[in-house]
Amino acid sequence: MKLYPIRGGIHPEYRKELTSKKTIVALPLPLALYIPLQQHIGAPAEVLVKAGDLVKKGQMIARSQGVVSSPQHATTSGRITAVTQVAAPHPSGLPQTTVVLEPDGKDEWADLPEPFADPFSADAHAIHERVAQSGIVGMGGAAFPSAVKLNLGTQKKLEILLLNGAECEPYLTCDDRVMREYPNEIIDGARIMAHALGTPRVIIAIEQNKPQAIEIMTKAASAFAEIKVIGVPVQYPMGSERHLVQAITGRETPARKLTADLGVVVHNVSTARAVHHAVRFGRPLVARVVTVSGRAIREPKNILTPIGARIADLVEFCGGFAQRPESVVNGGPMMGQPLASLDAPVVKGTSGILALTAEEINNRPTNSCIRCGSCVTICPCGLSPLDMAAYIRKDNLEGAAKLGVMDCFSCGSCSYVCPSHIPLVHYFNYAKGMLKDLENELRKNDRVKNLAEVRVIRIEKANEAKKTALAARKPAPATTAPPSNTGETKAAPPTPEEKADA
Amino acid sequence: MLVAVVSLTVMGIVLGGLLGVAARFLAVEENPLEEELKAMLPGSQCGQCGYVGCAQYAAALAKGEASVTLCSPGGKAVIEQLAKKLGVTADLSEHEEKGPEYAFIKEDMCIGCTRCIRECSTDAILGANKLMHTVIVDVCHGCGKCAKVCPTDAIIMIPVPVTLANWHWPKPEVEQEQNKPEVAPAH
Amino acid sequence: MNIATTSGPFTHGYNTVQKTMITVLLALAPATLFNFYLFGLPSILLFAVTVGSCLAIEAGCMALAGKPAKTALSDYSATLTGWLLAMSLPPWAPWWIGLLGALFAIALAKHAFGGLGQNVFNPAMVGRTAMLVSFPVVMTAWIMPHPLFSSGSPGLAEAIAITFGGHMPDTVSAASALGYIKTELSRGIPVTQSMAKVPDLMDMVLGYRAGSLGETSAIFILAGGLFLMSKRIISWHIPLSLMGSLFVMAALFHAVDPAHYASGIFHLMSGATFLGAFFIATDYVTSPVSKKGQIVFGIGCGLLTWLIRNFAGYPEGMAFAVLLMNGLTPIIDQYTRPRAFGRDSKGEPLPLGKP
């Protein structure tokens, strides 16, 4: 099959050999599990349990709220000890509401939903429902609720289900290992998803630096004519959804559109496996494979981890630190986020935990930009990082926005190549946050203005009504309310129109 | 020589006349600037800028008498809009110190007098006579009018907290370090 | 473990400004050494003075700005500027040309604009042109090669007298090929005739000709340029478009009127064409960042060089052409930005539909 080139990109040192030969091993149950209510993009789940409750593995402990949301499940059997604020796996280290579960050691499954005997004759809607109820989110890192993406077939004509096994981030080998060890589960999950989406073709894209995975997956897929396994060039960021679609189909997803608008839906390979578990066995997403690597880790491993295990537990299981890490990163080294604390839990989107030494990170003091243009050449989005960063440095966020800073997806290629070690991506992350803040502020100001106007109109009306009432009763000397307390009559609930404004 | 003098004089007269005509026919009737500025302000008439209401502040801005950084409920977004409209650079340093705030009612001190409810221009306070009041944080824009009228000082203004939902990376610090020697005083 | 204060990425490439500069210096070394051999000790002295002055002035400017001089010197950008400036000077020019040129290059063209990365114009070329327009006689005092260890090569005492004493021996002066045909043309002698007196093609390629300290040897400069390309320091865009447009213009006019216009090959091999194409026009700071912009820039440099050589007062136009295009770089950059992913060239989202 013909592949199409993608723009720019880099070839970092992949360092996957640290864990690529390590078979997946299960983490022994830790003393406590910390299951955050929000592990996905969208609204946080609504908690269903309280301290003291006994739960079984796979029991729903928080239900989804709204369309873009996802439920959470107990990842083992045990007792809920608290629903409290715990540091999130996030660079800020800010807390979020988290269910604390003390395992009883039995690891007993709850009564699970009935498995689908024949998913391929099942209604697509029933499969969406099952995936949504199983709390499955994109496991490549973005953690977007998978059921929402599986529903796209109802709105759009879809051609291809593209399973993303590119795993273009250095160090990470969790998808590689899952593909090598559970190929049939992935293939089955992919077929179920294709059925639910109504796509006639399935393409599984794997970067060519994983020859064993390509071989094993090709063999597993050989029984199904509609599934094709493709080795894609090793080029970071090949695993970016839009770039992978371009490499496979040659088509560029327009800005502010989805790949689904081109008829292609992209899911991660591990997500397909989770769908297989949910549909064939009724098991919700309660565990995932996490690559724990980096030269500061004594024994790097691929670990099957119950959701909610503390990162410190994983590090300990890997023999602790061989040396003091410069940074501990949640995810891959290119797009991953630094962790503020090792007490944060593993969540559904955690693909890797990397303890990196200063030599591995190889950062240096920032120098002046010499306009070498490397960042422009390699930017896979066709942006001009040096100019955007120059604007942002002078707080000209509007200028940066005009140059497309909001189109940047922080792949990190520019910071990687910059000979002056300018923290380009950091500038863009800052600008994106500031621009979003400004947008929110403007939206709030609009709302405030509406509310203020509505209030003025209401007060005027009330005054007028009073005047007319006064005029009607003119003969009798009026002793009505003093004219000053115009506003208080409304006091309690806002009128429907005001609610709509809010 | 004469040709040059004459031709230049004629050109000057013609072009000057054209300009005069243009000024008369294309004149801007009124000053829409004030209206535009008013539309940018929150419109809650809180008076924190030191003017009676938003319209008065807008008028002062249009005349160039007021600084663009006075509207604290509007926040940075409004300051930047105003600055852009007026073509001035906003000095945000003053504003930075005081981030967005919202009103918080200490419920044990509230006597349910409803004065704050009457004062609130965005209907952000819920409650009734003799009952405790609460603030709908999403609608409160932090003007602080309610805090001023509260007879028991039960209302305090507190900064909007940083959460996972609104946190973002701060500006990278590298440049500041490099620049330090530059600002060292010469004497 | 550090508190999270910087966002990713958490791995970086091994390229640094310093490495880039050193690689360029390495690429310049063969041509420079060969020309040291051709022009003898005075050229080495001038080179040392020029580079030394650049370093001293750089350190002085940093001190004035209150910044540590050591970090600025350790990026080798001043060394490179000095080196290129020296290569563009007449080999037996007196010491003060090197010093003044360095002053213009580093203090005026670089630090007055804000230092490394901020300058609009190529510092070395500013230094060279400032010297050329201020001291035209000294700056066009070319000599024929007097290889080291040959009988004509000046000894140390003589070299010191040439560089520091200003005792230019009258006997050795020669015209550069470009200058020669220009003066002959002004005397009414057609190019076809004067071409017989310029060095033959082989000598031009090797560098056995009169010219600036480092510009004469096309072959060694080409080797350095190819080395830089193999190291991905420069790309083919500027050198090829510059030399291509210069060649095409020259060849076209030569075909039409050989009596007035020299051939394309002659224009390529003479003057500072190779040095300019590979080392001067490709300066990162003062050339466009996008590949499209670099081609526009290269073509502009080539055309202007040809125009200046044929129609302006100076026989050589590379430095002026590069400086003029430097001034246009910001505007070229603005109009040749790459197209963003998923958007058309105007920044609007692409239309859906076409497969």
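Helices (H or I, at least four residues) and strands (E, at least two) are DSSP runs, numbered from the N terminus. I note at the start that this is a predicted model, where local features need pLDDT of at least 70, side-chain atom pairs count only at pLDDT 80 or more, and totals for chains, interfaces and linings use all residues. Residues are numbered from 1 along each chain as its sequence is written, chains are lettered from A and ligands numbered from 1 in the order in which they are written, and side-chain values use heavy atoms, with hydrogens and water left out.

**Entry 1: a pocket**

I looked up the second largest pocket and found a volume of about 1,000 Å³. A pocket, on a 1 Å grid over the protein atoms alone, is an open set of points where a 1.4 Å probe fits, with protein on both sides within 12 Å along at least five of seven lines; lining residues have an atom within 4 Å of a point. The volume is the space filled by probe spheres set on the points, which are joined across faces, edges and corners.

Of its 36 lining residues, A:S374, A:I378, C:K231, C:R232 and C:I233 are the closest to the centre. I then checked the helices: α10 (374-378) and α13 (413-417) of chain A, with α1, α11 (218-230) and α15 (291-311) of chain C, each supply at least two lining residues.

I followed α1 of chain C to C:N35. Is C:N35 buried or exposed? C:N35 is buried (under 20% relative accessible area, with a 1.4 Å probe and protein chains only), at a value of 0%. Its side chain makes a polar contact (N or O atoms within 3.5 Å, one able to donate a hydrogen and the other to accept it; residues adjacent in sequence count only if both atoms are side-chain atoms) with the side chain of C:T216, at 3.2 Å.

Next I turned to C:T163, in helix α7 (residues 156-165) of chain C. C:T163 is buried too, with a relative accessible area of 0%. A polar atom of its side chain lies 3.5 Å from the backbone oxygen of C:P42.

**Entry 2: strands in chain A**

I saw that strand β7 (residues 78-87) of chain A runs antiparallel to strand β4 (residues 54-55), joined by two bridges. Two strands pair if DSSP finds at least two bridges between them. A:V55 has A:G78 as its bridge partner. Nine bridges join β7(A) to β8 (residues 95-103), also antiparallel, and there A:A87 stands opposite A:P95.

Conventions. Buried < 20%, exposed > 50% of the residue type's maximum accessible area, 1.4 Å probe, protein only.
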